[in-house]
Amino acid sequence: MIIKNDFFNKDRDYLMKEKDGLIKSVEKLDKRFQNNEVDREKFLKQNEIFAKRHEELNRKIEKLNRN
């Protein structure tokens, strides 16, 4: 009997959902900045944090794609 191992697919799906959530967060922050609800310094700092998280997620996804 052959058992299909889909461990990496589940992990990849989780990472993709996390990436989608991060993209939605960036869009929401941008909309708040456009409506002057967030000052520029906080906006830039938060964008830097989002960029770092986005890079980490991309590295993790790429690592899973190699396997």
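Is E55 buried, partly exposed or exposed? E55 is partly exposed, with a relative accessible area of 46%; here buried means under 20% relative accessible area, exposed means over 50%, and partly exposed lies in between (1.4 Å probe, protein chains only). The legends below describe a predicted model, in which local features need pLDDT of at least 70, side-chain atom pairs count only at pLDDT 80 or more, and totals for chains, interfaces and linings use all residues. Residues are numbered from 1 along each chain as its sequence is written, and side-chain values use heavy atoms, with hydrogens and water left out.

**Figure 1. Overall view of the predicted protein.**
The secondary structure comprises 2 helices and 0 strands; helices (H or I, at least four residues) and strands (E, at least two) are DSSP runs numbered from the N terminus. Helix α1 covers residues 7–34, and helix α2 covers residues 40–66. The 27 residues of α2 should span 39 Å at 1.5 Å a residue, and the end C-alpha atoms of α2 are 39 Å apart, which agrees; the expected span of a helix is 1.5 Å times one less than its number of residues. Of the 67 residues in the protein, 15% are buried. The accessible surface comes to about 6,100 Å², and 49% of this surface belongs to carbon and sulfur atoms; the areas come from the Shrake-Rupley method with a 1.4 Å probe, and for residues only the protein chains shown count as cover. Among contacts with a separation of 6 or more, 66% are made by residues 24 or more positions apart, where contact means heavy atoms within 4.5 Å.

**Figure 2. The largest nonpolar core.**
A nonpolar core is a set of buried Ala, Val, Leu, Ile, Met, Phe, Trp, Tyr and Cys residues joined through side-chain atoms within 4.5 Å. The largest such core has 9 residues, namely L15, L22, L29, V38, F43, F50, L57, I61 and L64. The elements giving two or more residues to this core are α1 and α2, and the largest share, 5 residues, comes from α2. Within α2, the residues F43, F50, L57, I61 and L64 are buried. Leaving aside neighbours within four places in sequence, L29 is in contact with V38, F43, Q46, N47 and F50.

**Figure 3**
Side chains of opposite charge can pair when their charged atoms come close. A salt bridge is a side-chain nitrogen of Lys or Arg within 4 Å of a carboxyl oxygen of Asp or Glu, and the structure holds 3 of them. E55 and R59 meet through their side chains in a salt bridge of 4.0 Å, N to O. Both E55 and R59 lie in α2, 4 residues apart, about one turn of the helix. R59 is exposed, at 54% relative accessibility. K52 forms a salt bridge with E48, with 3.7 Å between the closest N and O atoms. K52 and E48 likewise lie in α2, 4 residues apart. K52 is partly exposed at 48% relative accessibility, and E48 is partly exposed at 46%. An α-helix has 3.6 residues a turn, so residues three or four places apart point the same way.

**Figure 3. The loop between the helices.**
N36 lies in the loop between α1 and α2 and is exposed, with a relative accessible area of 67%. Although N36 is not a glycine, its phi is positive, about 60°. Most residues other than glycine have a negative phi. A salt bridge joins E37 to R32, the closest N and O atoms being 3.7 Å apart. E37 is exposed, with a relative accessible area of 54%, whereas R32 is partly exposed at 34%.

K19 lies in α1. K19 is buried yet has no salt bridge, and the nearest side chain of opposite charge, D20, is 7.2 Å away; Lys and Arg count as positive and Asp and Glu as negative, while His and the chain ends are not counted. Not counting residues up to four places away in sequence, K19 touches H54, L57, N58 and I61.

**Figure 4. Two pairs of residues separated in sequence.**
D13, in α1, is partly exposed, with a relative accessible area of 46%. D13 and I61 are 48 residues apart in sequence and 9.5 Å apart in space, C-alpha to C-alpha. D30, also found in α1, is partly exposed at 34%. Between D30 and N47 there are 9.1 Å in space, C-alpha to C-alpha, and the two are 17 residues apart in sequence.
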